[in-house]
Amino acid sequence: MDMLLEVAARWLHFLGALVWVGHNYATAVTRSRYVPLTAADLSDPDSPRQRALMQREHGTFRYASLLVLGSGLAILWERGWLAEALGLQGSLAPLGVGIWLAVIMVCNLWFVLWPHQKRVLGFVPAPLDERLRCSRITFLSARVNTMLSIPVLFFMGVGAHGVGLFS
């Protein structure tokens with residue numbers, strides 16, 4: 001990757017991470033505890049709770065997760081570090097731990113949180129009791145990603161700047 005492409009990939013990685021992780025943290029702060037939805041919240045599309053859910057839901061953060069993962073993997077691949085990092089070998093092992101945690105976060109987002117969130121929002125037809133059950137799952141799934149982001153950021157930072165700690 002020539003210098004310009006690497007700089008662009010790094011900025012995409014950085015800005016995507018701000019959007020993705022920032023969304024997790026903002027949600028954790030604004031909804032610090034689980035407030036169960038009621039049937040009234042979901043049965044009326046004009047209810048204040050339903051409107052709040054719709055306003056909060058957008059695809060930007062989901063696609064930012066793919067951008068972050070893809071750009072990070074591309075940078076490592078271009079440098080010839082990807083196999084060693086994914087294999088948790090040598091001085092790239094901490095970076096590899098961060099990558100694997102990030103992969104878990106992306107899978108959690110796309111294969112657990114989003115399918116349930118689609119039911120909560122009514123994008124996928126589901127009975128009301130199922131939508132209420134899915135709201136709890138989306139809350140917990142988002143919290144898992146928020147908590148996993150802490151070690152991901154640590155291992156990414158250590159992988160780039162603290163290699164001596166794990167040599």
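## Setting the terms

Here, a residue counts as buried under 20% relative accessible area, exposed over 50%, and partly exposed in between. Keep in mind that this is a predicted model. With that cut-off, Arg79 comes out as partly exposed, because its relative accessible area is 32%.

The topic below is salt bridges, and the structure holds three of them.

## The Glu6 network

Glu6, Arg10 and Arg79 are linked in a network of salt bridges. Let's start with Glu6 and Arg79: their side chains meet in a salt bridge, at 2.4 Å from N to O. Glu6 sits in helix α1 and Arg79 in helix α4 (residues 60-79), so this pair ties together parts that are 73 residues apart in sequence.

Glu6 also has a salt bridge with Arg10, at 3.2 Å from N to O. This one stays inside helix α1 (residues 3-30), where the two residues are four apart, about one turn of the helix. How do they sit relative to the surface, buried or partly exposed? Glu6 has 14% relative accessibility, so it counts as buried, while Arg10 is partly exposed at 43%.

## The pair in helix α7

Over in helix α7 (residues 128-161), Glu130 and Arg133 lie three residues apart, about one turn of the helix. They form a salt bridge, and their closest N and O atoms are 2.8 Å apart.

How values were computed
Residues numbered from 1 in each chain as written. Predicted model: local features only at pLDDT ≥ 70, side-chain atom pairs only at ≥ 80, totals over all residues. Heavy atoms only, no water. Salt bridge = Lys/Arg side-chain N within 4 Å of Asp/Glu carboxyl O. Buried < 20%, exposed > 50% of the residue type's maximum accessible area, 1.4 Å probe, protein only.
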